[in-house]
Every structure is written in C-alpha cells, then in structure tokens.
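Here's a friendly walk through a protein structure. Have a look at it first, and then we'll go through some of its parts together.

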Amino acid sequence: MQWVIAILLVLTFDAAASTIDIGNLAKKVAVSKEFEVVEEPLPGLRFDTMRNATGWRGVEPGFKTFKFGITDKAYWARTTLVNSADETKSFYLVSEDPRTDVIDFYVVDQGQLLLERHTGDHTPFASRAFFYRGFAFLLTMKPGETRDVYLRFQSTAPVEIDMQIYPTLSLEREAAKAGHAGTLYFGAMASIILFNFLLFVSSRERIYLSYCLFQGVTAGAISISFGSAYGLLWPESPYINSVMSLLLPSLAPASALVFTASYLGVRDKSKGLWWVIQTIAMIQILVGLFGAFGGGYLFVMHTLYYVLILAPLMIFVVSLVGAFKRDRYAILFLIAWVPLILGAVLFSLVRLGYVISSWPQGVELAFGSIWEAVFLSVCLGDKFNQIKKQEINYLRRIRNEELAAREAELMAEARRREKLIHEREAAANRNLVRVICHDLANPLNIMLNYSTIYEQPEMTWPEATRYLKRMHSAAVHQQEIIEHVREFEAINSGKIQVKLTAVPLAKTLTQLQDFLQKRLEEKGVDLVITGLEPDLHVLAEERSLVYNVLANLLSNAIKFSPDHSRVELTITAKPDTVELMIADRGIGMDSDLQSKIFDISSPTTRPGLKGEKGTGFGLPIVKSYVEKYQGDLRVESKPVEECPDDHGTRFILVLKRGFADAIAA
C-alpha cells in the first residue's frame with residue numbers, strides 16, 4: 001500500500017516550497033509563516049516518500065503558527081533556507097513547542113540527504129546540546145548555499161508547529177535566561193510552600209497542608225506546560241516525563257477545587273455544592289491516573305483541557321458568590337485567583353486551537369500562578385492571624401468563664417464562711433452571755449443573801465461586819481468580771497491601740513516581781529528566773545506585757561501551785577525571737593480544758609488550791625494581747641489525775657526580739 005501512495009505522491013510532486021533568507025539574520029525571527037505543512041496520510045511513512053507529497057499548505061490567515069489541536073496524526077513541515085550573505089552563517093532553527101513527543105529533522109541539498117536528527121520528549125532531556133525548553137537544530141551555511149529542511153511532528157499533547165530562527169549567541173543567551181527563570185520560579189514556589197507548611201506546623205490547620213499540596217502540584221503542572229520541568233526535575237527519564245505530563249496537569253485542577261472548597265468553607269454552607277466539587281475533583285484524578293498508566297491519551301488530553309476551563313470557572317463562580325455575600329475571605333480569594341483563572345482558561349483555549357496567542361507556552365499560567373501564590377499566601381497569613389485571634393478570644397472566653405465560675409464559687413464560699421462566722425459569733429456571744437450571767441450570778445446571789453441583815457435587828461455588829469465584808473468581796477469580784485469583759489471587747493474591736501516597742505526584759509521582770517511579791521509570800525512559792533541576758537529586749541507594749549500578760553500567767557501558776565512549791569520562768573533567747581516558759585507543779589489540766597482556755601465563750605473558771613476565785617477571762621485576754629504583739633502562746637499540761645508523779649502546766653510565750661541599737665537609732 002505504501003509504495004502505491006509513494007507513486008501517487010511522485011506524480012503529484014509540488015516543488016514550490018517557501019524560502020527563508022538567513023543572510024541578514026541579526027536577531028530572533030519567527031518563520032512559521034515561511035513553512036508549509038502536510039498531514040501524514042499513513043503512519044510510518046519515510047522521508048523519501050513524504051518529501052514528494054502533495055497538499056502542502058501554509059499558515060492559515062490570522063494565525064502565526066500551525067495549530068492542529070489534540071490528535072494522533074503526524075505532520076510534516078518544510079521550507080528552504082538560503083544564505084544570501086557574503087559570509088558563512090551559523091544559526092539555530094528552533095521548534096518552540098516544548099510538549100512535542102517526536103521531531104524528525106532532515107536537511108537536503110539538491111535531493112541528497114545531508115543531515116538527519118531525531119529528538120523530542122521521547123529522548124532524554126540531558127541529550128540536548130544545552131538547557132532550553134524547545135528543540136534547537138544547529139545549522140551552518142556558506143555564502144550562496146541553499147538547503148531544503150523537512151521536519152516531522154507527532155505528540156500526545158496538542159500539536160503546534162512554532163518555528164523560530166536564532167543567531168547562535170542569541171539562542172544561548174535566551175536559553176540561559178529561560179534556565180534562570182525556571183530556577184527562580186521553582187525557588188519562589190518552594191519558598192511559598194515552605195512558608196505555608198510552617199503555618200500548618202504552627203496552627204495545625206489542614207487548610208495550609210492542602211494549600212502546600214495544591215501549590216506543589218500546580219507548580220509542577222505549570223513547569224511542564226512551560227517546558228522546564230523535564231530539564232530541571234527528571235532530565236534522564238522520558239518515561240517519568242510522559243507520566244507526569246499527564247498526571248500533574250490532571251491533579252492541578254482537582255487539588256485547586258479541593259483547596260477552594262476548604263478555604264471558602266463550602267461544606268458548611270452547601271453540602272450539595274461541596275459534593276459536586278469533590279466528585280469533579282475525584283473524576284479528574286481518576287482520568288489523570290488512567291491517562292498516565294492506562295492509555296487513552298486522546299480522551300485524557302481532551303478531558304484535561306476542558307477541565308482546565310471548567311475548574312477555574314467553577315472556582316470563579318463559587319468565590320464570586322461569596323464575594324457578593326460580603327465574605328471577606330471570598331473577596332481576597334477572588335482577587336488572588338483572577339489572574340490564574342484567566343491564565344488557565346486562555347492557555348486551554350489556545351492549546352485547543354480556539355484562540356490565537358503569540359505568548360510562549362505556559363506564560364499565562366506562570367504569571368497567574370505567581371500572583372495567586374504570593375497574594376493567597378498573604379491571605380492565608382491573614383487567615384492564620386484570624387485563627388490565632390479566634391483561638392486567643394476562645395481561650396480568653398473560656399478563661400473568663402472559668403474565672404467567673406471560680407469567682408462565683410469564691411463568693412459562695414465567702415458567703416458560706418461569713419454565714420458560718422456569723423453563726424459562730426452568735427453562738428459565741430450566746431455562750432459569752434451565758435458565762436457572764438453565770439459568773440455574775442454567784443456574787444450577785446451572795447450580795448442578795450447578805451443584804452437581808454436589815455431584817456435581823458438582833459444581829460450583832462461584828463456579825464454584820466462579817467456580812468458586809470463578804471458583800472464587798474462579791475461586789476469586787478463582779479466588778480473584775482465586768483472589767484475583763486470590757487477589756488477583751490476593747491482589744492478585739494481595736495479600741496485599745498497596742499503600740500509595739502522594744503521592751504527591756506530585765507526591767508519588766510523586776511516590776512513583775514514587785515507586783516506578785518505579796519501573793520508569792522502568802523503561799524510560800526518561790527519564783528525562779530533563769531536565762532535572762534543583759535540588754536535583752538522583746539517587741540511588745542510594756543504596761544500590758546507586765547500587768548496583763550505575764551502577771552496573769554504567773555498568777556495562774558501561783559494559784560494552782562501547792563504551798564512552798566516553785567514556779568519557774570525560763571528565758572531562751574534566739575536570733576529573732578525570745579521564748580518565755582512559765583512552768584508550775586500544780587494540778588494541771590486535761591486535754592478538754594486545754595482546748596478551751598483561750599476561748600472566752602467557753603466556761604473554764606476554776607478555783608485555786610486555796611479557793612482563789614477567777615473570772616475565766618484572763619487567758620483569752622492574754623491570748624489577744626500576744627496576737628497584737630505578733631507573737632505566739634501555747635500550753636502544755638499534765639493533770640494530776642493522769643500523772644501523779646509528773647504533773648503541772650507550762651505556758652510557752654514566744655515574742656519577737658527587739659534590739660537596743662535599733663531603739664537608739
């Protein structure tokens with residue numbers, strides 16, 4: 001069959017090919033319009049057959065290049081090169097479409113094949129003379145020479161024949177610029193992806209991880225369309241390049257749809273629309289996998305470019321609806337995506353052959369991608385700040401709620417304690433009134449009983465005098481009770497102001513001995529003082545320390561000590577405190593009485609060993625004064641009933657130490 005077609009082609013040979021004069025070549029020149037093309041009628045026809053084919057045609061009116069769209073056909077192009085200059089010319093004939101799988105290049109001189117080369121994406125990128133996204137063929141022509149050039153194009157991508165002629169140095173400079181631009185693009189995208197990944201690590205928001213995935217896939221897809229991915233990422237593997245050329249452009253719109261739905265919160269606003277977006281994304285992913293690993297590339301390529309139109313338009317509509325609803329994130333998202341949406345739609349329309357464009361392959365997508373990546377990263381940074389503010393506000397609200405709850409608990413506890421204190425104070429007041437009434441009743445009854453002497457005219461004066469003395473003694477005791485109650489109330493209410501000074505302990509004990517001397521002599525009790533150091537001072541108020549605190553403690557010790565016994569006052573000076581321990585060998589106290597002796601509301605009055613009366617208010621008053629001194633008072637006692645051989649009571653008074661030099665200052 002092929003030889004029949006070859007005969008027909010020879011019979012209809014048309015030698016009127018276009019001509020390109022490279023004699024005046026000084027810069028890049030687009031020469032596609034100087035080429036003629038013809039479709040290969042049957043797969044596998046050789047150059048010898050196709051050079052004699054008929055039906056060659058030029059570029060269609062209004063177009064600058066030959067565009068054949070997505071097809072499994074092969075196309076041949078031809079032109080004639082002439083060097084009209086007086087010098088030898090070296091130049092590059094370049095096919096600018098980076099997505100061409102197969103390019104066969106032939107140079108003919110007067111019917112004789114001079115040069116034959118085979119290249120395209122099916123060969124390793126590393127086999128090219130230098131890094132350039134297109135396919136360059138170096139030619140050298142002497143003055144007056146003429147060469148016929150034939151090229152065969154076939155690709156799984158849309159077929160476009162875009163031919164340029166470059167001076168040698170001009171193309172090499174262009175290639176260097178393209179390499180730098182590709183490197184800068186990848187570097188910028190890598191920086192943006194790293195920035196958003198750090199935001200993900202910081203916030204743990206999956207939207208940033210989704211954006212990193214989307215940007216990575218999109219950058220790969222755009223670099224494939226731009227022709228730089230092959231040389232930068234996998235220059236030794238045509239297979240990986242063919243797989244990625246279908247897979248990444250399929251994943252890019254799918255990941256864009258998924259990210260859009262996540263960023264704009266489509267799931268919370270419309271579950272139906274969310275499912276539509278997810279379904280389209282999943283179908284596109286499956287189509288890409290099928291094309292990359294299963295075949296059917298024509299169907300996959302058509303689907304890919306139509307989805308590259310559908311997906312951006314859907315993103316535009318979704319974000320536009322949110323913008324009309326005054327959604328701040330949707331407005332920023334729309335601004336960020338407009339260039340990329342327009343670029344994707346324009347790129348797809350150009351590749352499908354619906355729109356004429358003189359831009360290099362993928363420039364629209366690269367510009368839109370960089371704009372979208374930079375602006376949307378700013379938007380995501382703003383979203384990160386908003387998320388952090390929301391977290392801070394949430395934590396503040398939780399904290400305020402916890403504080404309010406805690407405050408309510410504390411207020412409730414304070415009210416409960418206040419109520420308990422009031423109840424205790426009321427109970428204490430009731431007990432105090434009961435104790436006072438009890439203690440006042442005894443002397444009052446005595447006075448009432450002895451006041452009946454006026455009804456006994458036969459009573460002698462000596463007997464009446466005895467009655468009057470007892471009445472006077474009861475009245476004095478009653479007065480002491482009243483004075484003690486008044487003093488206790490005055491101390492605790494603050495009416496009595498205690499001014500603390502450094503009190504010399506030696507002087508205090510001298511006054512104390514003089515005050516108690518008569519009582520000591522009446523019972524024959526010895527007061528033994530040990531540990532007193534010269535110039536030893538304590539922090540207290542001198543008068544109350546002598547007559548209200550120490551006198552009361554020692555009077556109790558004398559009152560409950562047997563005749564001719566000993567009361568010991570032991571002084572222990574420490575760096576910051578002074579301890580005074582008053583010990584007797586008296587009858588002692590049981591544990592129940594020890595727990596009540598400082599409580600004025602508890603009846604603890606006991607007569608001394610010789611019937612000495614007490615008011616029951618002395619020790620509570622002592623305790624109040626000691627607290628005013630910022631000191632401490634405790635009791636240790638063993639009752640005679642429990643410890644016949646080792647009974648007695650010890651009061652340990654701890655006061656802050658005063659210093660003479662501080663007083664002098």
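Let's start with two helices, H6 (238-263) and H8 (271-293): each of them supplies at least two residues of a nonpolar surface patch. Helices here are DSSP runs of H or I with at least four residues, strands are runs of E with at least two, and both are numbered from the N terminus. Before going on, know that this is a predicted model, in which local features need pLDDT of at least 70, side-chain atom pairs count only at pLDDT 80 or more, and totals for chains, interfaces and linings use all residues. Residues are numbered from 1 along each chain as its sequence is written, and side-chain values use heavy atoms, with hydrogens and water left out.

So who makes up the patch? Tyr239, Ile240, Met282, Leu286, Leu289 and Phe293 do, covering about 630 Å² (accessible areas come from the Shrake-Rupley method with a 1.4 Å probe, and for residues only the protein chains shown count as cover). H8 gives the largest share, four residues. Tyr239 sits in H6, and it counts as exposed because its relative accessibility is 55%; the cut-offs are over 50% for exposed, under 20% for buried and partly exposed in between, with a 1.4 Å probe and protein chains only.

Asp97 lies in the loop between strand S6 (89-95) and strand S7 (102-109), and it is buried, at a relative accessible area of 1%. Its side chain reaches the backbone nitrogen of Arg99 at 3.1 Å, and a polar atom of that Asp97 side chain is 3.5 Å from the backbone nitrogen of Glu160.

Strands are worth a look too. S13 (residues 501-504) pairs with S15 (residues 537-540) in the antiparallel sense over four bridges; pairing requires at least two bridges found by DSSP. Here Thr501 stands opposite Ala540. S15 also runs antiparallel to S19 (residues 648-658), joined by two bridges, with Val538 opposite Arg657.

Finally, step back. The protein chain has 17 helices and 19 strands, and 46% of its 665 residues are buried.

Notes: Patch = residues over 30% accessible without salt bridge, like charges linked within 9 Å, V, L, I, M, F, W, Y side chains within 5 Å. Salt bridge = Lys/Arg side-chain N within 4 Å of Asp/Glu carboxyl O. Polar contact = N/O pair within 3.5 Å; in protein donor to acceptor, adjacent residues only side chain to side chain.
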